[in-house]
Amino acid sequence: MQKASYHQLYSKPILFVGLLLLAAGLFCYTRMQTNLFPEVLFPRITVIADAGEQPVDRMMIIVTKPLESAVKKVQGVTVVKSSTSRGSCVVDVYFQWGSDIYALKNQLESRINEIKGFLPAGTVISTEAMNQSLYPVYGYTLESSTHSRMALRDVGNLVVRPLFSQVPGISKVVVRGGKAKEFVVKPDAAKMSATGITPSEIKSAFDKTNFVLGNGNVAGYDRLYLVLTERASMTWNL
């Protein structure tokens, strides 16, 4: 009599266990939550400051260094790194692993608020806890041989940005580069002295007259229009 092989003796139990594992795997797969960028807490907070068109050397002295000194006072800071460019700077603050990053973010913002009065007027500061959505996923470049950098910036803000914002899944679209339109006022020193006008008075006059106000919405022709009032009617005989 021929002795039964191992496969013949245990084929059905092995098949049952295999089918059971397959069913368990299919069940777990249908219940599994997937994410392109899983939530991971990194011990890093990024501080981004924008101060207009300040030159790099001045930006380093009046914005970057004070921010570095302020964030170093937060308990648990291990490393502080910064990069400075014209009108902006980025300060990366590293903490120990396992720290409560959101509680530290509140402490860091409190330290920054203490020195805001010493920073240039109009400086915009934002703090972000390091995560996968902090930096861009896709980047596009606009180039033209016929349009200026100011025109390309307007196209990016007025055409490309609204179109990208309508794509499902996109939370934020940022336009960088190009050139913002600027106006330079060069007063005549002799005429200013003769009329008794000071540079601070000219600056104050510009601050009071150059503005855009929203007056509300007007509905018509199946559309909703936003009404803006702009007043920049100031004349100086300099």
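**Exercise 1.** Find which residues have the most contacts inside the largest nonpolar core, and which elements supply it.

*Solution.* Start with the core itself: the largest one has 23 residues, and V47, V63, L67, F95, L108, I112 and I125 have the most contacts inside it. Here a nonpolar core is a set of buried Ala, Val, Leu, Ile, Met, Phe, Trp, Tyr and Cys residues joined through side-chain atoms within 4.5 Å. Buried means under 20% relative accessible area, exposed over 50%, and partly exposed in between (1.4 Å probe, protein chains only).

Next, look at the elements: β1 (44-50), α2 (56-71), β3 (88-95), α3 (101-115) and β4 (124-129) each supply at least two core residues. Helix α2 gives the most, with six. Helices (H or I, at least four residues) and strands (E, at least two) are DSSP runs, numbered from the N terminus.

A word on the model: it is predicted, so local features need pLDDT of at least 70 and side-chain atom pairs 80 or more, while totals for chains, interfaces and linings use all residues. Residues are numbered from 1 along each chain as its sequence is written, and side-chain values use heavy atoms, without hydrogens or water.

**Exercise 2.** Work out where R44 and D92 lie, and whether they are buried or exposed.

*Solution.* First, R44 forms a salt bridge with D92, the closest N and O atoms being 3.3 Å apart. A salt bridge is a side-chain nitrogen of Lys or Arg within 4 Å of a carboxyl oxygen of Asp or Glu. Then place the partners: R44 is in strand β1 and D92 in strand β3, 48 residues apart. Finally, both are buried.
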